[in-house]
Amino acid sequence: MSGNLWTEEQFNCPVCLDLPNEPVTIPCGHSYCMGCIKDYWSKDNPRSPGVYSCPQCRQTFCPKPSLSRNTMLAEAVEQLRKGALTTSARESIRRLLSCWKMNLHPSLRS
Ligand SMILES: [Zn+2]
Ligand SMILES: [Zn+2]
């Protein structure tokens with residue numbers, strides 16, 4: 001259920017469907033372009049103002065999570081753009097990303 005699932009598409013920003021520019025990862029673990037997620041969150045949500053949701057999994061955040069550039073993902077995207085991301089590099093990125101997600105969600109570490 002893992003391994004082969006890690007493809008270029010998983011790096012893509014679900015909003016613009018392209019490799020993310022200035023990638024940021026939000027607390028649910030999904031990644032977007034800094035610009036796309038900022039734009040998405042700048043629109044008022046009439047049903048629940050002040051609540052910010054992930055466009056992909058609909059997990060909600062309140063208050064708005066701070067957005068910081070995911071340096072590791074930015075590097076991976078850079079390599080992907082050059083077509084140079086090897087299978088082992090992908091694997092280490094996948095591991096790093098899941099560790100990183102665990103740190104954000106200690107409850108997942110059962
Ligand atoms: Zn985007
Ligand atoms: Zn999400």
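Analyst: Helices here are DSSP runs of H or I with at least four residues, strands are runs of E with at least two, and both are numbered from the N terminus. The model is predicted. I take the loop between helix H1 (8-11) and strand S1 (23-25), where Leu17 lies. Glu22 is found in that loop too.

Backbone first. Leu17 has a positive phi, near 55°, though it is not glycine. Glu22 also has a positive value in a residue other than glycine, with phi near 50°. Leu17 has 9 other C-beta atoms within 10 Å, so it counts as exposed. The cut-off for exposed is 12 or fewer. Glu22 has 16 such atoms within 10 Å, and is therefore partly exposed.

Next, the surroundings. Tyr32 touches Cys13, Pro14, Val15, Pro20, Val24 and Ile37, leaving aside residues up to four places away in sequence. Tyr32 also belongs to the largest nonpolar core, a set of 7 residues.

Finally, the whole chain. Its pattern along the sequence is α-β-β-α-β-β-α-α. That is 4 helices and 4 strands. Of the 110 residues, 15% are buried. Among contacts between residues at least 6 apart in sequence, 48% join residues at least 24 apart.

Terms used: Residues are numbered from 1 along each chain as its sequence is written. Chains are lettered from A and ligands numbered from 1 in the order in which they are written. This is a predicted model: local features need pLDDT of at least 70, side-chain atom pairs count only at pLDDT 80 or more; totals for chains, interfaces and linings use all residues. A residue is buried if 20 or more other C-beta atoms lie within 10 Å of its own, exposed if 12 or fewer, and partly exposed in between; C-beta atoms are placed from the backbone. Two residues are in contact if their C-beta atoms, placed from the backbone, lie within 7 Å. A nonpolar core is a set of buried Ala, Val, Leu, Ile, Met, Phe, Trp, Tyr and Cys residues joined through C-beta atoms within 7 Å.
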